[in-house]
Amino acid sequence: MRFITKEIHAYLDYPVAIALMALPFLIGLGSSNPLALQIAVATGIAAFVLTLLTDHHLGAFRIIPYRFHLIVDFVVALVFILAPFILSFRGLDAYFYWINGVAVLLVVSMHKPEIVA
């Protein structure tokens, strides 16, 4: 079932980016590896900038095509799912990445294709 539109996705982007920047500090991410905290925050900053630059109704500059934004989201989801294995994240660090990776993968996979008239 594909029901996430470009508009819905745009509304999700800013809160997710902010959560990736703030939540790691609030929950104490980085106990198994300091990179768990650093990568999450860096990804949040990058996601915020990507959203500002994306060509959708909440993009401030609308330089980056929305399709490219979706590709970046997909790649980030895969990296988040694999990072705990590659970087030996354990416990909360691993779960944070797996949950976020799967969530982003679900959002991207439930994207409703646009009909161009």
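This is a predicted model: local features need pLDDT of at least 70, side-chain atom pairs count only at pLDDT 80 or more; totals for chains, interfaces and linings use all residues.

Visitor: What box do the C-alpha atoms fill?
Guide: Roughly 50 × 30 × 20 Å, taken along the principal axes.

Visitor: How much of the protein chain is buried?
Guide: Buried residues make up 35% of the 117. As for contacts between residues at least 6 apart in sequence, 62% of them join residues at least 24 apart.

Visitor: Let's zoom in. Is H9 buried or exposed?
Guide: Buried, because its relative accessibility is 2%, under the 20% cut-off. H9 lies in helix α1, residues 6-27. Leaving out residues up to four places away in sequence, H9 touches I4, Y66, H69, L70, D73 and V107.

Visitor: On to aromatics. How many aromatic pairs are there?
Guide: Six. One of them is Y14 with F48: the ring centres are 5.3 Å apart and the planes sit at 70 degrees, so that pair is edge-to-face. Y14 is in helix α1 and F48 in helix α2 (residues 34-53), so the pair links parts of the chain 34 residues apart.

Visitor: Which of those two is buried, and which is partly exposed?
Guide: Y14 is buried, with a relative accessible area of 18%, while F48 is partly exposed at 28%. Another pair is F80 and Y97, with centres 4.6 Å apart and planes at 50 degrees, so this one is tilted. F80 lies in helix α3 and Y97 in helix α4 (residues 91-109), so the pair ties together parts 17 residues apart in sequence. Both F80 and Y97 are buried.

Visitor: Which residues do ring pairs link into a cluster?
Guide: F80, F89, F96 and Y97.

Visitor: Switching to the surface: which residues form a nonpolar patch there?
Guide: I71, F74, V75, L78 and V79, with about 410 Å² of accessible area together. V75 sits in helix α3, residues 66-86, and counts as partly exposed because its relative accessible area is 43%.

Notes
Residues are numbered from 1 along each chain as its sequence is written. Side-chain values use heavy atoms; hydrogens and water are left out. Patches are made of residues with over 30% relative accessible area and no salt bridge: like charges are joined within 9 Å, nonpolar side chains (Val, Leu, Ile, Met, Phe, Trp, Tyr) within 5 Å. Accessible areas come from the Shrake-Rupley method with a 1.4 Å probe; for residues, only the protein chains shown count as cover. A salt bridge is a side-chain nitrogen of Lys or Arg within 4 Å of a carboxyl oxygen of Asp or Glu. Helices (H or I, at least four residues) and strands (E, at least two) are DSSP runs, numbered from the N terminus. Buried means under 20% relative accessible area, exposed over 50%, partly exposed in between (1.4 Å probe, protein chains only). Contact means heavy atoms within 4.5 Å. Rings of Phe, Tyr and Trp (its six-membered ring) pair if their centres lie within 6.5 Å; planes under 30 degrees apart count as stacked, over 60 as edge-to-face and the rest as tilted.
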